[in-house]
Amino acid sequence: ESWDLMLDHRLSPDDISRFNPPEIDDLLYARERGMNLFNILNIVPPPKDPNTPIVYTTSTDVLFSDWFYPSFRDRIVPYVAELRKHGLDRMAYVYGFDEQEKQFYPAIDLFWKNLRRDIPGIPLMSTSRAYRDISDGVKDLPPSARSGDWFCPVTSDWNAKLSDELRKEGKKVWWYTCCAPGHPYANFASLEYPTIEGRLIGWMTHLYRADGFLFWVVNFWHRANNAPLDESDTYLEWDSTIDTHEHGDGVLMYPGKEHVLASIRLANVRDGVEDGELLKMAAAEDPAKADAACRTIVTDTRHFSRDPAAFQAAYPRFAHLPFVDWVKGDVRSFEFPAVPYDTIIHAATSAVTTISDEEQTSVILEGTRHVIACARACGHPSILFTSSGAVYGPHERSNRRSALPSLGRLRTRPVSRRRRP
């Protein structure tokens, strides 16, 4: 069901950290539903504990040992032979050396050459720091820094000139986000980031001609209290914080009691993928016109628009919908609409990390007070307040229901989930 959910969102159900290759039947099913790429194995030894959720990388001692590559080769060669029987080899790649530094470049070179010999045609992808080091002009880089088939830098390290050079050498250049980069770059990893940024990355991927976008994991459910969610309860004691302390990083879908549940962030990523496909289709007819349309929303990786007017210009079909009114302003002072509403969904809080604590507090508290005043002026509709545990600051689990400062009388009700037909 998790694979189906990913495919429904136009995303390949991949796993860069897998230490067991995927089942052939699963790949055949996913290919019929639109999968276009998958990782065979991460270049790591299988963990001693089979329940280990993720193994990122291994040491150079292991990589250069007498036993590791022969063991890896004996696992992957017969598997690739099976892939070739079904034509799946054209979608396959091998991943390794996750975010590793200069001392790993000789190992990357060794494995790249060995894999080209033993499983020709299967590319090697890495998020090692080699791309960044080449871009930054790091001195004394070994020639092995350019080894590999697919480079994958973090979006904040993108260098258009270097990417073009690598492509001329027959390589591909993807990009990725994870817990980084933070503001002012677009990211959707954390619940604290504006969800629209997950969509904007699709536009940026088209504009910068990245060959693909990588996100490290979507179902990191391995905390002690992460039992399947009870969808009838609006308060969920569920830990979505990983080692980086980013709320929601690695969790773009959730395990319900009956079904796997997609997040709003995952839906925005899907919309960005579809936007990118439309831009690609437009570029096939007129590349300059498609790029010009893209730049009405995205200037570069650090400058992009959340302006309603820019959105309406890019999506004119939404500009004059009779059931949509566009209101621009600060959440603390926007003018109240002159029409009544049934429900207000309050989700307006700045997610940037460069503003002061006082400004952030003002946005949260005064903004919510203003939304409540808006509700009173618009016929007393119900208010759905969306937030995360970050508004409480550091707190003990025993105090998790501590009250926020008084904001006025606020009606709440449980939210039911409407299923799509």
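Me: What makes the approach of Ser 147 to Asp 109 a polar contact?

Reply: In this predicted model, the side chains of Ser 147 and Asp 109 come to 2.6 Å. A polar contact requires N or O atoms within 3.5 Å, so this pair qualifies. Ser 147 itself sits in the loop between α6 and β4.

Me: Why is Ser 147 called buried, and which residues does Ser 147 touch?

Reply: The relative accessibility of Ser 147 is 9%. Buried means under 20%, and therefore Ser 147 counts as buried. Leaving aside residues up to four places away in sequence, Ser 147 touches Ile 108, Asp 109 and Trp 112.

Me: How do you know that Glu 169 forms a salt bridge with Arg 146?

Reply: The closest N and O atoms of Glu 169 and Arg 146 are 2.7 Å apart. The limit is 4 Å between a side-chain nitrogen of Lys or Arg and a carboxyl oxygen of Asp or Glu, so the pair is a salt bridge. This pair links distant parts of the chain, 23 residues apart: Glu 169 lies in the loop between α7 (160-168) and β5 (172-173), and Arg 146 in the loop between α6 (130-136) and β4 (150-151).

Me: Why are Glu 169 and Arg 146 called partly exposed?

Reply: Glu 169 has a relative accessible area of 40%, and Arg 146 has 29%. Partly exposed covers the range between the buried limit of 20% and the exposed limit of 50%; therefore both residues receive this label.

Me: What makes Asp 275 and Arg 199 a salt bridge, and where in the chain do the two residues lie?

Reply: Their closest N and O atoms are 2.6 Å apart, and the cut-off is 4 Å, so the pair counts as a salt bridge. Asp 275 belongs to helix α9 (residues 264-285) and Arg 199 to helix α8 (residues 196-207), 76 residues apart. Both Asp 275 and Arg 199 are buried.

Me: How do you know that Asp 271 forms a salt bridge with Arg 270?

Reply: The closest N and O atoms of Asp 271 and Arg 270 are 3.2 Å apart. Asp 271 and Arg 270 are both buried. Elsewhere, salt bridges with shared partners join Glu 99, Glu 101, Arg 129, Arg 132 and Asp 133 into one network. The structure holds 25 salt bridges.

Me: Why is the aromatic pair of Phe 72 and Phe 111 called edge-to-face?

Reply: The ring centres of Phe 72 and Phe 111 are 6.2 Å apart, with 75 degrees between the planes. Phe 72 is in helix α4 (residues 68-85) and Phe 111 in helix α5 (residues 105-118), 39 residues apart. Both Phe 72 and Phe 111 are buried.

Me: What makes the pair of Trp 216 and Phe 220 tilted?

Reply: The ring centres of Trp 216 and Phe 220 are 5.8 Å apart and the planes stand at 45 degrees. Stacked pairs have planes under 30 degrees apart and edge-to-face pairs over 60, so 45 degrees makes this pair tilted. Trp 216 has 17% relative accessibility and Phe 220 has 11%; the limit is 20%, so both count as buried.

Me: Which residues do ring pairs link into a cluster?

Reply: The cluster consists of Trp 67, Phe 68, Tyr 69, Phe 72, Phe 97 and Phe 111.

Key
Residues are numbered from 1 along each chain as its sequence is written. This is a predicted model: local features need pLDDT of at least 70, side-chain atom pairs count only at pLDDT 80 or more; totals for chains, interfaces and linings use all residues. Side-chain values use heavy atoms; hydrogens and water are left out. Helices (H or I, at least four residues) and strands (E, at least two) are DSSP runs, numbered from the N terminus. Buried means under 20% relative accessible area, exposed over 50%, partly exposed in between (1.4 Å probe, protein chains only). A polar contact is a pair of N or O atoms within 3.5 Å; within protein, one must be able to donate a hydrogen and the other to accept it, and residues adjacent in sequence count only if both atoms are side-chain atoms. Contact means heavy atoms within 4.5 Å. Rings of Phe, Tyr and Trp (its six-membered ring) pair if their centres lie within 6.5 Å; planes under 30 degrees apart count as stacked, over 60 as edge-to-face and the rest as tilted.
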